[in-house]
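Student: I would like a close look at one helix and its surroundings. Could you take me through that part slowly, and then step back to the rest of the chain?

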Amino acid sequence: MAFMIMAGRCITGLLLLCLPVLLTPLSAATEVCSNSLIPGAKGDRGELGEEGDQGKLGKKGPPGCPGAAGEVGLKGALGPMGKTGPDGDKGDKGDTGLDGPSGLKGKSAGATCDCERYKRMMGQMDVHVGKLKNSVKFVKNVVPGLTENEEHFYLLVREPKDFKEASLSCQLRGGTLAVPSTNDSNRLVADYVGQAGLTRVYIGVQARNRDTGGANDSQNGLSSPFRGFEAWSQDEELSSSGSNSSCVELLSTGTWGRVECDAAMFFICEFPKSRRRRGGGARGATYSSS
C-alpha cells in the first residue's frame, strides 16, 4: 500500500516536471507560424503628379431643362398688304338708336300741305332710286367681264336660256343679242367666248331656207333682213336644211352653226356705245348661209 502511494506520487511529480517542457515547444511554434500582419505607421503625402491627357468625348447626354424666356424683340417692319379675303357673314341688325331732341319751333305758321301730291312724288322717287340701285348693281357685276370695240360693248351672260328667253334677257338689260357684222367684231366675240372657257353661245341671228331656188337665207333676232358679213362653217354651207327656221350659235373658233331654238345655252348681249339710231334696218340681222 505504501508502495503504491509512493509510485503515484512519483508519477505525479514526473508529470509536473515534464509539463513545462512539453508546453514550451508548442508556445514557440504558435508564435513562429502566425499569419497576422501588423500595419505600419502612415507615411508622408507624395508629390502631385502631372496632368493627364484629355479623355475621349462621351455620349450625348439627355436634353437639359428649358431655359428662361428671352426678352421680347423689337417690332418688325410692316409687311406687304395681302389679298382681299372673302366677304364675311352678314352681321345682326343693331339696336334702334335713341330718339333725337325735338327741333325748335318755327317763326311763322306753315302753309297747308298738299300731302297727296308729295306722297306721289315720294313714291316716284322711290321707284327711281330702286332702278338706280339695280343699275349700279348690274354695272358692278358685269363691267369687269365686258369686252368692247369702237361701236359696242359685249356681255357674256352665263344663264342657260332658249333663244327667245335670251333675246328678252338682253332687251331687259338695255341691249340686244349680239350680231357680229364684221370679221373683226366676230373674231373679238369668238375670242371672248374662248377665254371664258366656253365653246358656243347664242347670237342674234336666225337662219331660214327659201322655198324657191333652195338657197339658204337668214335674218336677225328681230326678224329683220340683213345682208353683209357671214361666218358660216363649211358644213353649214354644204348642208341643205328644211324650210323650218333655226337659230344660230357662235363657236369659239369664230364660225357659225345652226342650232335648235329651244336649246338652253349661254348667250352674248350687245350694247351700242351711241344711243342714236342709225339707218339701214333694225338690230339683230338675218343672214344668208349660201
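Tutor: Let's begin where α3 begins: a side-chain oxygen of aspartate 162 comes to within 3.3 Å of the backbone nitrogen of lysine 164. That is a polar contact, meaning a pair of N or O atoms within 3.5 Å; within protein, one must be able to donate a hydrogen and the other to accept it, and residues adjacent in sequence count only if both atoms are side-chain atoms. Please keep in mind that this is a predicted model, where local features need pLDDT of at least 70 and side-chain atom pairs count only at pLDDT 80 or more, while totals for chains, interfaces and linings use all residues. Residues are numbered from 1 along each chain as its sequence is written, and side-chain values use heavy atoms, with hydrogens and water left out.

Now the helix itself. Helices (H or I, at least four residues) and strands (E, at least two) are DSSP runs, numbered from the N terminus. In α3, which covers residues 163-172, the buried residues are Phe163, Ala166, Ser167, Ser169 and Cys170. Looking down the axis of α3, these buried residues fall within an arc of 160 degrees, so they line one face of the helix; the arc is that of the directions from the helix axis to the C-beta atoms. An α-helix has 3.6 residues a turn, so residues three or four places apart point the same way. Lys164 and Leu172 are exposed, on the face of α3 turned away from the buried side. Here buried means under 20% relative accessible area, exposed over 50%, and partly exposed in between (1.4 Å probe, protein chains only). After α3 comes glycine 174, with a positive phi near 95 degrees.

A salt bridge means a side-chain nitrogen of Lys or Arg within 4 Å of a carboxyl oxygen of Asp or Glu. Lys161 joins Glu159 and Arg173 in a network of salt bridges.

By that rule there are 5 salt bridges. Another of them pairs glutamate 148 with lysine 273, at 2.7 Å from N to O. Glutamate 148 belongs to strand β1 (residues 147-148) and lysine 273 to the loop between β9 (265-272) and β10 (285-286), so the link ties together parts that are 125 residues apart in sequence. A further salt bridge joins arginine 187 and aspartate 191, with 3.0 Å between the closest N and O atoms. Those two residues both lie in helix α4 (residues 183-195), 4 residues apart, about one turn of the helix.

Stepping back, the protein has 5 helices and 10 strands, and 23% of its 290 residues count as buried. Mean pLDDT (the predictor's confidence in each residue, from 0 to 100) is 75, and 65% of residues reach 70 or more. Over residues 210-216 the pLDDT is below 50, though beyond near neighbours in sequence this stretch has 14 contacts in the model, a contact being heavy atoms within 4.5 Å. Where pLDDT is low, the predicted coordinates should not be read in detail.
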